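Please consult the sequence and the structure shown below while reading.

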Amino acid sequence: MKSEEIYNAWKERRSQIDLRESFADEVMSRIYRYERDKGRPLFDGQRLIELISAHRFVKAGVVTAGVVAGLARIMFVVYNFLAC
Amino acid sequence: MTQETKVIHQILEGDTESFRHIVERYERPIVRMIRNIINNRESCEDIAQDVFFTAYRKLASFDPARSNFSTWLFTIARNKSINAMRKKRPVSMSELPHNSDAHNPSDELAEREFFGELDAGLEALPSAQKRAFVLVEFENLSYAEIAQIEGVRIGTIKSRINRAKKKLANALKEIRYEK
């Protein structure tokens, strides 16, 4: 094979792409979600739940805050009980 | 007013569904460009989705007097690719696209070897050279368009492309001498 033929065959191979059929639908549904969310208040309950469940660090933060609040509450009760 | 400009006006006036025309027209060139730059088949479609989403959100800032829509879109794709390359993991040769139509096993083997060498050569190019090379060779953009996307002079693009081509030609020569 000549260099030029090899090069052209390589270019052709790299130009072929197997794009998933739902690509445009996925982009459009993301855009529609964005448009829908634009019209909603920043912190309604449903949006807050979606926000928390969509990001694992936010989820972990909420769980950690819950645990810390629970422990603080237990310590407060125990402290009051011992103070009596 | 071009057909594309009309579509953009419709989108900006609230016809969101018209953006589908833009996605369908440019999905292949954008995915191909990103894949050839970052060389990761799994993430290139996600990055391309991000490109279109960003384009939609920033559509109002597109100025037809300053650039073509395609140039503007490729600029977004270029920026997203650079960000992705900063985070990317190394890619094995087996992940690269392979579609051989060679007829006998020795031809196929030789072809795979040449392709592998060219793939490795492309992967080894400095980022700016690789982007310029991909845009001219795979997307058939003009030097002027690439210069606008990269924000540099046409002369700089010409020299980046020449250097990239020389390196790939050397990669091919080396493997021919080894045989």
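Over which residues of chain B does pLDDT stay under 50, and how many contacts beyond four places in sequence does the model have for them?

## Model and confidence

The stretch is residues 92-96 of chain B, for which the model has 5 contacts beyond four places in sequence. Here pLDDT is the predictor's confidence in each residue, from 0 to 100, and two residues are in contact if their C-beta atoms, placed from the backbone, lie within 7 Å. Residues 98-103 of chain B also have pLDDT below 50, with 8 contacts beyond near neighbours in sequence. Where pLDDT is low, the predicted coordinates should not be read in detail.

This is a predicted model, in which local features need pLDDT of at least 70 and side-chain atom pairs count only at pLDDT 80 or more, while totals for chains, interfaces and linings use all residues. Residues are numbered from 1 along each chain as its sequence is written, and chains are lettered from A and ligands numbered from 1 in the order in which they are written. Chain B has a mean pLDDT of 87, and 85% of its residues reach 70 or more. For the complex, the predictor gives an ipTM of 0.80 and a pTM of 0.75.

## Fold and domains of chain B

Chain B contains 8 helices and 0 strands; helices (H or I, at least four residues) and strands (E, at least two) are DSSP runs, numbered from the N terminus. Of the contacts in chain B between residues at least 6 apart in sequence, 64% join residues at least 24 apart.

The domain assignment, which is automatic or from a database, gives domain 1 (1-90) and domain 2 (103-179) of chain B. Their centres, taken over C-alpha atoms, are separated by 23 Å. Domain 1 of chain B brings 12 residues to the contact and domain 2 of chain B brings 11 residues. On the domain 1 side, helix H2 (19-38) and helix H4 (69-87) of chain B each supply at least two residues.

## The nonpolar core

Of the 179 residues in chain B, 32% are buried, meaning that 20 or more other C-beta atoms, placed from the backbone, lie within 10 Å of the residue's own. The largest nonpolar core has 42 residues; such a core is a set of buried Ala, Val, Leu, Ile, Met, Phe, Trp, Tyr and Cys residues joined through C-beta atoms within 7 Å. H2(B) provides its largest share, 10 residues. Both domain 1 (1-90) and domain 2 (103-179) of chain B give residues to this core, so it lies between them.

The members that touch the most other members are B:Ile30, B:Met33, B:Ile34, B:Ala48 and B:Leu135. Beyond its neighbours within four places in sequence, B:Met33 has contacts that include B:Phe74, B:Ala77, B:Val134 and B:Leu135.

## Chain A and the interface

Between the chains, 21 residues of chain A are in contact with 25 residues of chain B. Helix H1 (3-15) and helix H2 (23-38) of chain A are the elements that give two or more residues to the chain A side, and H2(A) gives the most, with 9 residues.

Helix H4 (residues 56-83) of chain A has 28 residues and should span 40 Å at 1.5 Å a residue, which agrees with its end C-alpha atoms being 40 Å apart. H4(A) is hardly covered, with 0 buried residues among its 28.

Note on methods:
The expected span of a helix is 1.5 Å times one less than its number of residues. A residue is buried if 20 or more other C-beta atoms lie within 10 Å of its own, exposed if 12 or fewer, and partly exposed in between; C-beta atoms are placed from the backbone.
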